[in-house]
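The sequence and model are shown first.

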Amino acid sequence: MQQGFPLNPFAYYCIVFSTSVLYYTKAYITETSYSTTNPRSLWYIHNRKAVWYSQLCLTIVALAAIFFLLKTDWSLIGRIKWQGWLVIFLFPGIAALYYGSSAIMGDYNLRNTGWLKPFVIGFVWAGLVTVYPVLFDNLFHDTAYNITVIGTLLFIKNFMYIAVLCILFDIKDYAADHNQQLKTFVVKLGLRKTIFYIVIPLCILGLGTFLVYANIRHFHIFKILINTIPFILLIIVAYSLYRRKSIFYYLAIIDGLMLVKAICGTIATIYF
């Protein structure tokens, strides 16, 4: 919507939803240790069979949605140029390296590089919500995908926002990451330095990118103010993490900021 493109077919969003759940669930269905105290991990362990069934159903949904999108014109695949294939496989490729392949990478994966992990997630997430909607619209209308200044600025803003959320989320795993010698920002720098030297500067970078984007697009003042709300809330939440929080707080509040960002962006785009 912010880049001025129409919504894609409903099947496209079925693919996005189902593959996202499949991807994020993989980290938990592979855990088998009952010694963990993480409530979320324990839930996945105790409900393993139900989760596997849901993974199977979501795989079927994703494949069916892909078939539905392509059934009207299978020649679409042959018309995609190499640049298009490069963009299509860039983000899934990085996402695959996040978990790694034991046959190719041994015990190494991007997930085990603590300082890099938030930026890998932010990069993939920003690609999924910023690049893919436009890319697929171009593909299904047989037009070339072009990298634009507007799209790049929006990508950077989303990239920084999600990377910060991931850094904040690592705070809850401080003890486990420290024991496993996983050098996340909070393990290496401590909580205070992580917030003031990493989180807040990244928030400012993301917000600054948005203001440049808004100036280029000549946004209404209310549109700018509404879009700054998620960044203000992000800084407030960062300060709130000085005190220990429950797992529900992280899942509901920090992940919830993604939904807040989407709602604010949608309201600002539609009404202003």
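Helix axes are lines fitted to C-alpha atoms over the stretch in contact, and the angle between two of them runs from 0 to 180 degrees between N-to-C directions. Two packed helices are described by that angle and by the distance between the axes. The model discussed here is predicted.

**Overall make-up**

The protein has 14 helices and zero strands. Of its 272 residues, 42% count as buried. Among contacts with a separation of 6 or more, 71% are between residues 24 or more positions apart.

| Pair | Residues | Angle between axes | Axis distance |
|---|---|---|---|
| α1 and α7 | 10-29 and 117-140 | about 165° | 12 Å apart |
| α12 and α14 | 221-240 and 256-271 | roughly 170° | within 7 Å |

Helices α1 and α7 pack at an angle of about 165°. Angles over 145 degrees count as roughly antiparallel, so α1 is roughly antiparallel to α7. The crossing of α1 past α7 is right-handed. On the α1 side the contact is made by Y12, V16, S20 and Y24, which meet I121, W125, L128, Y132, P133 and F136 of α7. By class, this contact has nine nonpolar residues, one polar residue and no charged residues.

The axes of α12 and α14 cross at roughly 170°, which means that α12 is roughly antiparallel to α14. From α12, the residues in contact are K223, I226, N227, I229, P230, L233, L234 and V237; they meet L257, V260, K261, C264, G265, I267, A268 and T269 of α14. The contact of α12 with α14 has eleven nonpolar, three polar and two charged residues.

**Helix α8**

Helix α8 covers residues 149-170. At 1.5 Å a residue, its 22 residues should span 32 Å, and this agrees with its end C-alpha atoms, which are 32 Å apart. The helix is mostly covered, with 19 of its 22 residues buried.

**Residue Y250**

Y250 lies in helix α13, residues 247-254. Its relative accessibility is 4%. The cut-off for buried is under 20%, so Y250 counts as buried. Leaving aside residues up to four places away in sequence, Y250 touches L168, F169, I171, K172, L241, K245 and D255. Y250 and K172 are 78 residues apart along the chain, while their C-alpha atoms are separated by 7.7 Å.

Notes
Residues are numbered from 1 along each chain as its sequence is written. This is a predicted model: local features need pLDDT of at least 70, side-chain atom pairs count only at pLDDT 80 or more; totals for chains, interfaces and linings use all residues. Side-chain values use heavy atoms; hydrogens and water are left out. Helices (H or I, at least four residues) and strands (E, at least two) are DSSP runs, numbered from the N terminus. Angles under 35 degrees count as roughly parallel, over 145 as roughly antiparallel, 65 to 115 as roughly perpendicular and the rest as oblique. A crossing is left-handed if the near helix is turned anticlockwise from the far one by less than a right angle, and right-handed if clockwise. Contact means heavy atoms within 4.5 Å. Ala, Val, Leu, Ile, Met, Phe, Trp, Tyr, Cys and Pro count as nonpolar, Asp, Glu, Lys and Arg as charged, and the others, Gly among them, as polar. Buried means under 20% relative accessible area, exposed over 50%, partly exposed in between (1.4 Å probe, protein chains only). The expected span of a helix is 1.5 Å times one less than its number of residues.
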